[in-house]
Amino acid sequence: MNVTHTSSPMTPLAPDQQPTLSERIPSRPPSPRPTTAIEARGFKFYYGETPALDGIDLAIPRNAVTAIIGPSGCGKTTFLRSINRLNELIPGTRHEGEILVEGTLIYGPGTDPVTLRQRIGMVFQRPNPFPKSIFDNVAYGPVLNALVAKRDLPDLVEQRLRQAALWDEVQDRLDEPGTSLSGGQQQRLCIARALGNQPEILLMDEPCSALDPIATQLIEELIVRLKRHYTIVIVTHNMQQAARVSDRTAFFESGRLVEFGETHQLFTAPADERTEAYITGRFR
């Protein structure tokens with residue numbers, strides 16, 4: 001199947017905007033073509049004999065937000081979890097093809113999956129703080145991986161909590177359990193925990209699906225800021241969210257990549273009729 005790649009400039013939306021999908025987003029002058037952080041080449045994935053992904057070819061740019069959209073069961077999360085090899089923990093799975101991260105074959109014989117997952121952080125659909133203090137949630141990875149000296153841990157924890165826009169809310173509560181925080185705060189704590197491992201890439205699997213609108217807005221604002229330092233890939237069912245936070249969007253359908261391009265172009269003038277049907281609610 002041919003995959004349509006679009007490439008038209010876009011303007012990121014302000015987090016407090018709630019545009020309808022029919023509204024056109026004003027464009028901005030073209031920026032230099034970004035370099036690639038993640039590249040899938042003919043990637044296929046199977047649960048037993050059931051194919052979940054069929055020949056994905058996709059180049060994800062560095063220091064940008066890439067959204068993956070599509071109907072339930074289309075392979076979005078399977079692809080996301082393939083990037084840091086979480087899927088291989090499921091018995092009976094297998095893959096074909098390649099995924100490269102910063103030019104390295106992640107399924108190559110010399111790649112240690114534990115080290116890979118340190119480089120590629122993951123934030124899940126529901127907040128899952130460890131049953132530890134707020135401080136220890138963030139410090140856990142750096143201590144386990146001996147990333148900093150013990151005396152430097154307080155500074156690192158503060159830095160990561162500041163990056164996650166949580167420090168001001170918890171600086172006097174660092175010894176309290178992470179589970180004592182609100183849902184939105186817990187999700188930001190999980191982001192801070194992922195950042196504690198000093199990753200290059202941050203994967204987010206519907207990170208706002210369990211949050212209220214105010215907490216969702218805080219997470220979206222955070223995502224836009226974090227892309228200055230990290231490559232971010234987010235799976236979302238929320239079309240408006242994809243339009244607000246992402247630079248590029250990939251549309252998956254039945255395990256295949258249908259269209260990939262600048263978010264502005266894909267949402268306002270999609271090249272494939274299946275993409276248009278999905279984003280306008282006519283998908284069957």
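Leucine 161 touches Ile134, Val138, Leu166, Trp167, Val170, Leu174, Leu189 and Ala192, leaving aside residues up to four places away in sequence. The model is predicted. Leucine 161 lies in helix α4. Its relative accessible area is 0%, so leucine 161 is buried.

Helix α4 spans residues 153-163. Its buried residues are Leu153, Leu156, Val157, Arg160, Leu161 and Gln163. Seen down the axis of α4, these buried residues fall within an arc of 155°, so they line one face of the helix. They pack against four helices, namely α3 (134-144), α5 (167-170), α6 (183-196) and α7 (213-226). Just after α4, alanine 165 adopts a positive phi of about 55°.

Two of these helix pairs were examined by their geometry. Two packed helices are described by the angle between their axes and the distance between the axes. For α3 and α4, the packing angle is about 110° and the axes are 9 Å apart. An angle of 65 to 115 degrees counts as roughly perpendicular, and α3 and α4 are therefore roughly perpendicular to each other. α3 passes α4 in a right-handed crossing. On the α3 side, the contact is made by Ile134, Phe135, Val138, Ala139, Pro142 and Val143. On the α4 side, Leu153, Pro154, Leu156, Val157, Arg160 and Leu161 take part.

The axes of α4 and α6 are 8 Å apart, and these helices pack at an angle of about 130°. α4 and α6 are therefore oblique to each other. Their crossing is right-handed. In this contact, Leu156, Arg160, Leu161 and Gln163 of α4 meet Leu189, Ala192, Leu195 and Gly196 of α6.

Charged pairs were considered next. A search of the whole structure finds 15 salt bridges. One of the pairs is found in α4 itself. Arginine 162 forms a salt bridge with glutamate 158, with the closest N and O atoms 2.9 Å apart. Both residues lie in helix α4, four residues apart, about one turn of the helix. Arginine 162 is partly exposed, with a relative accessible area of 47%. Glutamate 158 is also partly exposed, at 25%.

A salt bridge also joins glutamate 88 and arginine 85, whose closest N and O atoms are 2.9 Å apart. Here the two partners fall into separate classes of accessibility. Glutamate 88 is partly exposed, with a relative accessible area of 34%. Arginine 85 is buried, with a relative accessible area of 10%.

Lysine 227 and aspartate 247 meet through their side chains in a salt bridge, at 2.9 Å from N to O. This pair links distant parts of the chain, 20 residues apart. Lysine 227 lies in the loop between α7 and β9 (231-235). Aspartate 247 lies in the loop between α8 (239-245) and β10 (248-253). Buried means under 20% relative accessible area. At 16% relative accessibility, lysine 227 therefore counts as buried. Aspartate 247 is buried as well, with a relative accessible area of 11%. Elsewhere, salt bridges that share partners join Glu39, Arg41 and Glu98 into one network.

At the level of the whole chain, the protein has ten helices and eleven strands. The chain has 284 residues, of which 51% count as buried.

Technical notes:
Residues are numbered from 1 along each chain as its sequence is written. This is a predicted model: local features need pLDDT of at least 70, side-chain atom pairs count only at pLDDT 80 or more; totals for chains, interfaces and linings use all residues. Side-chain values use heavy atoms; hydrogens and water are left out. Buried means under 20% relative accessible area, exposed over 50%, partly exposed in between (1.4 Å probe, protein chains only). Helices (H or I, at least four residues) and strands (E, at least two) are DSSP runs, numbered from the N terminus. The arc is that of the directions from the helix axis to the C-beta atoms. Contact means heavy atoms within 4.5 Å. A salt bridge is a side-chain nitrogen of Lys or Arg within 4 Å of a carboxyl oxygen of Asp or Glu. Axes are lines fitted to C-alpha atoms, for helices over the stretch in contact, and angles run from 0 to 180 degrees between N-to-C directions. Angles under 35 degrees count as roughly parallel, over 145 as roughly antiparallel, 65 to 115 as roughly perpendicular and the rest as oblique. A crossing is left-handed if the near helix is turned anticlockwise from the far one by less than a right angle, and right-handed if clockwise.
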